[in-house]
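Biologist: I would like to learn how to read a model like this one. Please take me through it feature by feature.

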Amino acid sequence: MLTLTSPVETAAHRWPVGAKLAAVALGTALIFPLQDWRLVVGALLALALVYLALGLRFAAHGARMLSGLWPFFAILALWHLWQAELARAVLLAARMAFAVGLANLVTMTTRLDDMLALVERGLAPLRFVGANPRAVALAMALVIRFTPVLLDKMSQLMQAWRARSPRRVGAKIVLPLALVALDDADHVAEALRARGGL
Amino acid sequence: MERNLTHIALFAALIAVLGLVPKIDLISGVPITAQSLGIMLCGTVLGTRRGLLAVLLFLTLVALGLPLLAGGRGGLGVFVSPTAGYLVGFPLAALVAGFVVERWRVDVGVAAFAGAVLGGIGVMHLCGIIGMSVVLGKTLPEAALLAVPFLAGDLLKTVLAAGITRGLARVRPASVLSRA
C-alpha cells in the first residue's frame, strides 16, 4: 500500500526518527503560546525554508499535503474580515500551517518500516503488564494487508450491485462488506491457530 | 485470543475502506464519507473493549503515515489540524457506542441506534468542537456552528449503523460480539 513518505529522497530521511519526533513535539508546544503574529509568521517562513532546503520537488509535495487546510483558511479569512481582526487571522492561520507542516515533515521523511520499528520498541514494556507486544505488531500488519483486500472485495460487491440494479450503489452495501470482514476475521483466526497461535 | 485479534484488525481495515470508498450515496446524489459509520460499527458490533482497540489500531496506522483517513489523508499532521478533536473522539465514540449496546439489554437495533447517537454524534462532536475551538481560536459556540452542517448526515449514519448491526445480528448472531 502507498504511504505518505515522500519518494523524493532527502537528507532528512536519514535523520533518526526519535529526534525528529522530539523536534515536532517541541516545535508544536512552543508555537501554541505565541501571541505575536510576526513571530508565528517568522516560524512558518523558517519551516518553509527547511522544506525548500530539502529540495524544490519535496517542497511542492509538502505544499500539496497542506491542501486539506484550505476550508479552514477560508473560514478564518471570512470570519476575521467581518470582525476586522486581520492580525488575529494571520496568527491563527500561520500557527495552523506551521503545526501541520512540521508534523507532515516527519511523516514525509520517515519510512513506514522505521515507524513500525519505533512502535515495536515503544510497546516492548507491555510485556511487564502481561500484554503481548508481538500481538500488536501482528495486528498492525494484518490491517496493512487487509485494507487493500477489503477494498478489492468492496469493489466486487459494488460491481455485483451495478450488474443487478438500475439504481446507484447505496449504503446498504455496507452490510455485506461488514459480513466479509467478520468472515475473513474468523478465517484468519483459524489459520493463525493452525500455525501455532500467537 | 486469535479471534479477538483478527476481529480488531479487520474492523480497523473496515474503517479505512469506508473512508477510502467515496462512491456510496448515503443520501441520493450527496456523497458523504462513511468513515464515521465504520467507527460506530466498531462499537456496536465489536463491543466496548474490542471496538476501542480497533479504532486505536486504525489511528496508530494513520499516525505512522498511512493515508487511511477519508480523502486519503494521514500522517502526524492530521493530529494537530483543526479536525484533530474528531480523531480524539473516534475511539471514545466507539467505546460509548459499545458500552450502550453491551449494557442496555433491549432489541439490538434500538440499543445500537442509541449507542451510535450518544457516541457517534454526542461524544464525537463534543471532542471535535473542542478541537476546532482550540486550533481556530474560537469560542465553543462559534466552533459548534462549524459542526452543524454535518449533523443531518451523521444522524443518517446512526440509522444505518443500527440497521446494519441488527442485520448482522439476524444473519450471523454469533458475529455481533457486543451481544455474544
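Modeller: Start with burial. A residue counts as buried when its relative accessible area is under 20%. Over 50% is exposed, and anything in between is partly exposed. Keep in mind that this is a predicted model.

Biologist: What percentage of the residues in chain B is buried?

Modeller: Buried residues make up 62% of the 180 residues in chain B. For chain A, the share is 41% of 198 residues.

Biologist: Which secondary structure elements does chain B have?

Modeller: Chain B has seven helices and two strands. From the N terminus, the order is α-β-β-α-α-α-α-α-α.

Biologist: How do I judge whether chain A is compact or spread out?

Modeller: Compare the radius of gyration with the globule rule, which is 2.2 Å times the number of residues to the power 0.38. The rule gives 16 Å for the 198 residues of chain A, but its radius of gyration is 23 Å, so chain A is more spread out than a compact globule. Its C-alpha atoms fill a box of roughly 60 × 55 × 35 Å along the principal axes.

Biologist: And what does the rule give for chain B?

Modeller: A compact globule of 180 residues would have a radius of gyration near 16 Å, and chain B agrees, with 15 Å. Its C-alpha trace spans about 45 × 30 × 30 Å along the principal axes.

Biologist: How many of the contacts join residues that lie at least 24 apart in sequence?

Modeller: Count contacts between residues at least 6 apart in sequence. In chain B, 66% of these join residues at least 24 apart. In chain A, the figure is 71%.

Biologist: What do the buried residues of α3(B) pack against?

Modeller: First, who they are. The buried set includes Arg50(B), Leu57(B), Phe58(B) and Leu61(B). The buried residues pack against α1 (2–20), α2 (35–46) and α4 (84–103) of chain B, together with α7 (133–164) of chain A. After the helix comes Gly65(B), whose phi is positive, near 115 degrees. In α7(B), the buried residues include Asp154(B), Lys157(B), Ile164(B) and Thr165(B).

Biologist: Let us go down to single residues. Is Thr44(B) buried or exposed?

Modeller: Thr44(B) counts as buried, at 0% relative accessibility. It lies in helix α2 of chain B. Beyond its neighbours within four places in sequence, Thr44(B) is in contact with Ala97(B), Gly98(B), Val101(B), Ala112(B), Thr165(B), Val176(B) and Ser178(B). Thr165(B) is itself among the buried residues of α7(B).

Biologist: Where does Ser6(A) lie, and what does it touch?

Modeller: Ser6(A) sits in the segment before α1 (17–31) of chain A. It is buried, because its relative accessible area is 5%, under the 20% cut-off. Residues up to four places away aside, Ser6(A) touches His13(A), Phe58(A), His61(A) and Met108(A).

Biologist: And what is the picture for Val90(A)?

Modeller: Val90(A) lies in helix α5 (residues 86–109) of chain A. Its relative accessible area is 31%, so Val90(A) is partly exposed. With residues up to four places away left out, Val90(A) touches Trp37(A) and Val41(A).

Biologist: How far apart are Val90(A) and Pro166(A)?

Modeller: They are 76 residues apart in sequence and 50 Å apart in space, C-alpha to C-alpha.

Note on methods:
Residues numbered from 1 in each chain as written. Chains lettered and ligands numbered in written order. Predicted model: local features only at pLDDT ≥ 70, side-chain atom pairs only at ≥ 80, totals over all residues. Heavy atoms only, no water. Helix = DSSP H or I, 4+ residues; strand = E, 2+ residues; numbered from the N terminus. Buried < 20%, exposed > 50% of the residue type's maximum accessible area, 1.4 Å probe, protein only. Contact = heavy atoms within 4.5 Å.
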